[in-house]
Amino acid sequence: MSTGRTAAPSSLLDDHDEHLTPEERELVAAARRFCAGAFSDDLHASYLRGEPFPRDWILRWAEAGFLRLQVEPRHGGHGASFLCKIRVAAEVARHSFAAAFCLNNLQGQATRISRAGSDAQRERLLPGLMAGTVLAAPSMSEPDGGSDLGAVSTVAVPVEDGWSVTGTKTWVTNGTVVDYATMLVRMGDEGAFANLLVPCRDGPTMRREAVAMPGGAHFRLARIELRAHVVPAWGLLDPPGSALRTSMAAVNAARIHVAAMCVGTLHAALCEAVAYAGTRQASGAPILAHQGLQWQLAEVATRLEAASALVLRAARLVDRGRDAMTIAAQCKLFAVDAAIWGVDQCIRSMGAVGASAAHRLGMQLDEVRLAAFADGTNEMMRDRVGRGLARDYAEAPGGGGAA
Ligand SMILES: Cc1cc2nc3c(=O)[nH]c(=O)nc-3n(C[C@H](O)[C@H](O)[C@H](O)COP(=O)(O)OP(=O)(O)OC[C@H]3O[C@@H](n4cnc5c(N)ncnc54)[C@H](O)[C@@H]3O)c2cc1C
């Protein structure tokens with residue numbers, strides 16, 4: 001049986017590669033090589049079994065240096081740019097959107113500790129986070145608070161040598177396997193938001209269970225219940241007052257790499273559909289020669305190019321330290337919809353074989369569909385763009401819209 005592995009060598013997002021350092025370009029190439037072999041086959045095979053991909057791949061990804069991608073060089077990392085990070089994530093997403101999301105989340109936690117952690121946190125966690133022997137996840141969502149983070153109700157009260165945490169978190173990516181979760185909690189009399197590094201060990205004060213997500217096993221989603229679960233004093237990552245801002249900054253950046261991963265996924269699907277349509281014969285010609293099918297894939301290609309351009313614009317703004325809040329929402333909104341619609345079109349263009357286990361397009365559609373929720377729903381993206389309209393598109397003095 002063909003594994004449906006994608007062979008196309010280049011990524012659509014390479015337009016700005018002149019802004020990458022030679023080391024970053026090598027990292028992108030190494031990610032491409034890593035994904036193109038047994039990893040890719042394992043991702044598809046485990047999806048077909050309804051299982052998450054083997055955990056050993058996380059260790060191998062770490063050994064190849066990718067969990068230290070954006071960790072500061074003085075802490076032993078590559079210190080890679082945002083553009084480099086999204087290029088790497090998009091390479092993985094060519095093979096599985098969900099695997100890219102999971103690996104990216106893991107490296108994001110190492111980056112966060114390197115950049116914002118205390119000396120004690122770095123000393124305890126960073127070596128393991130970079131080596132893949134300690135895994136951590138961001139955890140904000142709750143059963144009653146997803147889009148509306150104001151509804152977050154997990155509380156942390158001071159106890160001797162730390163905090164006692166009570167509440168329930170859900171939809172935690174990698175949640176079934178992580179050793180720590182960076183949890184958004186309420187703290188103090190006024191219930192201000194703080195972020196705590198919560199040790200995740202199942203026991204009398206902590207229980208986690210896998211969240212069944214048909215087609216989304218690679219995400220390893222979990223629900224985590226805490227009852228007077230003790231977090232040591234060194235676990236305070238963002239003190240009351242700054243945590244929501246820090247978490248939202250991380251989510252904003254995440255929206256751009258979710259969009260980049262959608263571009264990677266859709267590009268791979270389109271390459272696969274075009275290759276198939278060039279050889280499959282119908283009515284005396286390759287199906288790609290029929291105008292109806294050409295137009296179908298032409299529309300996919302056009303939306304793909306537009307999504308890619310948005311992602312690159314957003315990434316360059318982030319790397320230049322500019323405000324990218326609106327563009328992050330716009331590129332996630334556009335790229336997620338382009339990918340969900342586009343992968344489906346690619347499947348249809350291949351006939352029944354496109355939906356079969358011989359190709360990975362069915363897996364990609366299952367996984368990319370979930371991108372519409374992670375890091376904010378598309379409705380919330382529209383909301384974010386809408387709230388910024390008066391600021392972002394005010395007419396500039398002398399005429400013409402502001403960029
Ligand atoms: C694959 C996956 C991975 C995830 N990983 C993580 C993770 O690692 N960590 C984490 O903390 N969370 C994670 N999440 C959770 C994700 O952030 C939430 O699903 C998301 O924020 C939406 O929350 P909700 O699912 O509770 O939907 P709800 O907030 O209940 O929304 C339900 C519907 O109402 C709409 N809606 C809500 N409010 C408004 C409004 N004001 N205006 C218009 N429409 C509105 C929404 O758009 C949606 O259509 C993940 C989710 C998925 C699917």
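Where is D375 found, in terms of the helices α11 and α12? I looked it up and found D375 in the loop between α11 (361–369) and α12. Helices here are DSSP runs of H or I of at least four residues, strands are runs of E of at least two, and both are numbered from the N terminus.

**Ground rules.** I am working with a predicted model, in which local features need pLDDT of at least 70 and side-chain atom pairs count only at pLDDT 80 or more, while totals for chains, interfaces and linings use all residues. I number residues from 1 along each chain as its sequence is written, and side-chain values use heavy atoms, with hydrogens and water left out.

**Entry: two positive phi values.** I noted that phi of D375 is near 60 degrees, a positive value in a residue other than glycine. Its relative accessible area is 21%, so D375 is partly exposed. I use buried for under 20% relative accessible area, exposed for over 50% and partly exposed for what lies in between, with a 1.4 Å probe and protein chains only. D161 has a positive phi too, near 65 degrees, and is likewise a residue other than glycine. I placed D161 in the loop between β2 (155–159) and β3 (162–172). D161 counts as exposed because its relative accessibility is 60%.

**Entry: domains.** I took the domain bounds from the assignment, which gives domain 1 (12–135), domain 2 (138–240) and domain 3 (244–392). Such bounds come from an automatic or database domain assignment. Taken over C-alpha atoms, the centres of domain 1 and domain 3 are 21 Å apart. The contact between these two takes 28 residues from domain 1 and 36 residues from domain 3. Contact means heavy atoms within 4.5 Å.

**Entry: the ligand.** I counted 18 residues around the ligand, and M140, S147, W171, T173 and T377 come nearest. A residue is near a molecule or strand if one of its heavy atoms lies within 4 Å of it. I then went through the polar contacts, a polar contact being a pair of N or O atoms within 3.5 Å; within protein, one must be able to donate a hydrogen and the other to accept it, and residues adjacent in sequence count only if both atoms are side-chain atoms. An oxygen atom of the ligand is 2.7 Å from a polar backbone atom of M140. A ligand nitrogen is 2.7 Å from an N or O atom in the side chain of S141. A nitrogen atom of the ligand is also 3.0 Å from a polar backbone atom of W171. On its own the ligand has 980 Å² of accessible area, and the protein covers 68% of this. I have these areas from the Shrake-Rupley method with a 1.4 Å probe; for residues, only the protein chains shown count as cover. The elements that give two or more residues to the shell are β1 (136–139) and α12 (378–392).

Why does the ligand lie between domain 2 and domain 3? I found that domain 2 and domain 3 both give residues to the shell, so the ligand lies between them.

**Entry: helix α11.** I listed the buried residues of α11 as L361, M363, Q364, L365, E367 and V368. Their cover includes α2 (38–49), α4 (82–93), α5 (97–116), α7 (243–279), α9 (325–349) and α10 (352–355).

Entry: I found S349 in helix α9, where S349 is buried with a relative accessible area of 4%. Leaving aside neighbours within four places in sequence, S349 is in contact with A273, I287, L293, Q296 and L297. Q294 is in helix α8 (residues 291–319) and counts as partly exposed at 37% relative accessibility. Q294 and S349 are 55 residues apart in sequence, and their C-alpha atoms are 9.2 Å apart in space.

Entry: I placed W234 in the loop between β7 (222–232) and β8 (236–238); at 17% relative accessibility, W234 counts as buried. Not counting residues up to four places away in sequence, W234 touches A120, Q121, R124, L125, Y180 and L197. G175 is in the loop between β3 and β4 (180–187) and is buried at 0% relative accessibility. With residues up to four places away in sequence not counted, G175 touches R208, R220 and A222.
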